[in-house]
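Here are my notes on the model, point by point. Please read them with the structure open.

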Amino acid sequence: MTDISNTAANEHEAQLGDYFALLKPRVMQLVVFTAVVGMLAAPVSVHPVIGFASILFVAIGAGASGALNMWWDADIDAVMKRTVNRPIPAGKVQPGEALALGVALSGMAVMMLALSANLLAAGMLLFTILYYAVFYTMWLKRVTPQNIVIGGAAGAFPPVIGWIIATGSFSVEAWLMFALIFMWTPPHFWALALFMRSDYDDANVPMLTVTHGRPATRRHILGYTVLLAILAIGTGFTAIGGYIYLSFAIVLNVLFLIGAYRIWKRDEVMAEEDNYAVERKFFRLSLFYLFLHFGAILIEATLRPYGLGGW
């Protein structure tokens, strides 16, 4: 990792909001939501206090991962337009402070989750933090165009952790929720990379758009979207699915497939003419896609005790 000068950091006094920004609060929201869905979709109820405390520690663990990621990636964040205003490259927080915060919060989150829930959940949280901060951030991100594919697993573990908080064990249903996020991640980020390619070029990050070109990226988006649609709709026929989830899944995946097909059919001349309008629309849809799928799983889980959810 390239050292970042502390001179700029000394010109600003860090505010509480700067340290909070290190935790990637927007990513944390998704982590919390999917972990909650995983916990509530489980066939075992959790005491509200235990559930709240456990999800809080999962959120802290996610934030710790974000801080460690920003510490290590401070050099490339400084040259990418969408990350240049993050706390470290903006000179608001020193790299050492981010490292210390990430390590401290990681230890606290894992220890407290072990106490509030169970050792398996705590172990999975520790594994997730290490996977994201070390395996993905420090290695995969800078060496392979499959960084998003393999590294995407880190963001897919929260519903599994939520399920373990409730049940103390793994299950097929938990891994189906994992798979939804895992398969969604590549088309989501590759769509972003299509209209933000210069960022990855400047930072020398081997995103698929950089190493294999945009036509190959478009083909990959379509391929992964087809597989994702099969998985998402098929999940509707499992224990965490039902007619409500299936209705959401069919509509969302038809729209997602249409968007991916339109991306695949375009070339760079067409994309540049409308400033990547189709790619941007697909990316925005991807933001709602995951939320609505997990929201439907949550609705099914909420209604199931009353005999209204599921099949």
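Are Trp190 and Tyr224 buried or exposed? Both residues are buried. The model is a predicted one, and the points below should be read that way.

1. Aromatic pairs, overall. The whole structure holds 18 aromatic pairs. Take Tyr131 and Phe157 as one of them: the ring centres lie 6.0 Å apart and the planes meet at 80°, so the pair is edge-to-face. Tyr131 sits in helix H7 (residues 119-143), while Phe157 belongs to the loop between helix H9 (153-156) and H10. The two are 26 residues apart, and the pair links distant parts of the chain. Tyr131 and Phe157 are both buried.

2. The Trp190 pair. Trp190 and Tyr224 are also edge-to-face, with 5.3 Å from centre to centre and 80° between the planes. Trp190 is in helix H11 (residues 172-195) and Tyr224 is in helix H14 (residues 214-235), so this pair ties together parts 34 residues apart in sequence.

3. A ring cluster. Ring pairs join Phe127, Tyr131, Phe135, Trp139, Phe157, Phe170, Trp175, Phe178 and Phe182 into a cluster. Tyr131 and Phe157 from point 1 are among its members.

4. Helix H10. How many of the residues of H10 are buried? The count is 9 of 10 for this helix (residues 158-167), so H10 is largely enclosed by the rest of the structure. The buried residues are Pro158, Pro159, Val160, Ile161, Gly162, Trp163, Ile164, Ile165 and Ala166. Gly168 follows the helix, with a positive phi near 75°.

5. The nonpolar core. The largest nonpolar core has 99 residues. Leu113, Ile165, Leu180, Ile221, Phe294 and Ile297 have the most contacts inside it. H11 gives the most to this core, with 15 residues. Leaving aside residues up to four places away in sequence, Ile165 touches Met39, Ser54, Ile55, Val58, Leu113, Ala117, Asn118 and Ala121.

6. The second largest pocket. It contains about 320 Å³ of space. The lining has 17 residues, and those closest to the pocket centre are Leu40, Ala41, Ala42, Pro43 and Val44. Helix H3 (residues 25-41) supplies the largest share of the lining, 3 residues. By type, the lining divides into 12 nonpolar, 3 polar and 2 charged residues.

7. Which residues deserve a look here? Lys24 has a positive phi near 50°. Lys24 lies in the loop between helix H2 (16-22) and H3. Its relative accessibility is 12%, so Lys24 counts as buried. Asn275 also has a positive phi, near 60°. Asn275 is in the loop between helix H16 (268-273) and helix H17 (277-303). With a relative accessible area of 47%, Asn275 is partly exposed.

8. Pro89. This residue is in the loop between helix H5 (74-77) and helix H6 (95-116). Pro89 and Ala67 are 22 residues apart in sequence; their C-alpha atoms are 13 Å apart in space.

How values were computed: Residues are numbered from 1 along each chain as its sequence is written. This is a predicted model: local features need pLDDT of at least 70, side-chain atom pairs count only at pLDDT 80 or more; totals for chains, interfaces and linings use all residues. Side-chain values use heavy atoms; hydrogens and water are left out. Buried means under 20% relative accessible area, exposed over 50%, partly exposed in between (1.4 Å probe, protein chains only). Helices (H or I, at least four residues) and strands (E, at least two) are DSSP runs, numbered from the N terminus. On a 1 Å grid over the protein atoms alone, a cavity is a set of points where a 1.4 Å probe fits but cannot get out, and a pocket is an open set with protein on both sides within 12 Å along at least five of seven lines; lining residues have an atom within 4 Å of a point. Grid points are joined across faces, edges and corners, and a volume is the space filled by probe spheres set on the points. Ala, Val, Leu, Ile, Met, Phe, Trp, Tyr, Cys and Pro count as nonpolar, Asp, Glu, Lys and Arg as charged, and the others, Gly among them, as polar. Rings of Phe, Tyr and Trp (its six-membered ring) pair if their centres lie within 6.5 Å; planes under 30 degrees apart count as stacked, over 60 as edge-to-face and the rest as tilted. A nonpolar core is a set of buried Ala, Val, Leu, Ile, Met, Phe, Trp, Tyr and Cys residues joined through side-chain atoms within 4.5 Å. Contact means heavy atoms within 4.5 Å.
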